[in-house]
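Take a look at the model below. How do its helices pack, and what lies inside?

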Amino acid sequence: MSLTKKEWARLEKKANDLRALTLQTTFWAGSGHIGGSFSSIDILTALYYKYLNFDPKNTDDPDRDRCVVSKGHIGIALASMFSDLGLIEKEELKTFNLTGSKLGMHLDSNKVKGLDASTGSLGHGSAMALGMALAARINKKTYKTYLLLGDGECDEGSVWEAAMATANFKASNLITFVDRNHNMIDGNTEDVMALEPFADKWTAFGFDVKVVNGHRFDELCEAIEYAQSAKTKPVCIICDTVKGAGVSYMAGNYKWHYGAIDEAKFNLANEDLANYLKQRLEVAEKEGK
Ligand SMILES: Cc1ncc(C[n+]2csc(CCOP(=O)(O)OP(=O)(O)O)c2C)c(N)n1
């Protein structure tokens, strides 16, 4: 797999648009889970804008791919992305998390078309995604199911019960991502509840594990294409990321798990995002094929 400069740059620009829109929505809402949104946005961009068989105009297609964002607290990023995909009116983003809005902090799949699962109670998405993957097998469907977990979320025992079952049932049509941003709600994962040796744990549970830089589209794309061709062993892609990626005062700081943004912070974050895009486009230009 080689990502062309053009394709790489397209994904970079899209991820930047999504970060900017998520920031804007956070500003409108007054606050939001922005740190874990910004660590996951590149993964979501690779999925929804390159790999998922997902037509926003035909979300009822039973053959389309499924995607369960188990770290449902990033509803603010998901709502922004679904708005970019045309599934939520831009104006509705201004109501995000307000009383009476159809967009709660954790999105409701009964209210947002195309969203495969209502998540937010951490640890539940894995079993839901596995169910969708096994249903594909039973119904003789070829769709794939993609699952995005947080690393702090992996403190939940239910993640490992589902992982054990995924490997047991050889559900290689389920592709698992972990947003390994090393931070959770109240500190660094290794200080709160150590996860390392994290890759070894997934391997021991029967997964073929790939560790990638979750902010490099060349690595993400290569790992996804590898996982898509898995025949029996399910693949877990551990994405090394930065909480709050792209914004100087948020990056790597767990205190930006959830935060409020005033106008000065909003403006500074927008400047940072513009610089972040510039730097990343330079890498794409230099290292793309
Ligand atoms: C069952 C459950 N317990 C607690 C919470 C509150 N909570 C929301 S996000 C979060 C931290 C999750 O950490 P991580 O998965 O690393 O998220 P990320 O850093 O990627 O945003 C917690 C404890 C919850 N949503 N669900």
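Predicted model: local features only at pLDDT ≥ 70, side-chain atom pairs only at ≥ 80, totals over all residues.

Start with helix 2, residues 34-51, and helix 9, residues 217-228. Two packed helices are described by the angle between their axes and the distance between the axes. Here the angle is about 60 degrees, and the axes are 10 Å apart. That angle makes helix 2 oblique to helix 9. The crossing of the two is right-handed.

Which residues make the contact? Helix 2 supplies D42, I43, T45, A46, L47, K50 and Y51. Helix 9 brings F217, L220, C221, I224, E225 and Q228. By type, the residues of this contact are eight nonpolar, two polar and three charged.

Stay on helix 2 and find S40. Is S40 buried or exposed? Its relative accessibility is 0%, so S40 counts as buried. The side chain of S40 makes a polar contact with the side chain of D179, at 2.7 Å. Leaving aside residues up to four places away in sequence, S40 touches K71, I74, L148 and D179.

Now move to helix 3, residues 75-84. Nine of its ten residues are buried, so helix 3 is largely enclosed by the rest of the structure. The buried residues are G75, I76, A77, L78, A79, S80, M81, F82 and S83. What do they pack against? Their partners are helix 1 (5-29), strand 1 (31-32), helix 2, strand 2 (66-69) and helix 4 (90-93). After helix 3 comes G86, with a positive phi near 90 degrees.

Technical notes
Residues numbered from 1 in each chain as written. Heavy atoms only, no water. Axes fitted to C-alpha atoms, helices over the stretch in contact; angles between N-to-C directions. Helix = DSSP H or I, 4+ residues; strand = E, 2+ residues; numbered from the N terminus. Parallel < 35°, antiparallel > 145°, perpendicular 65-115°, else oblique. Left-handed = near helix turned anticlockwise from the far one by under 90°. Contact = heavy atoms within 4.5 Å. Nonpolar A, V, L, I, M, F, W, Y, C, P; charged D, E, K, R; others polar. Buried < 20%, exposed > 50% of the residue type's maximum accessible area, 1.4 Å probe, protein only. Polar contact = N/O pair within 3.5 Å; in protein donor to acceptor, adjacent residues only side chain to side chain.
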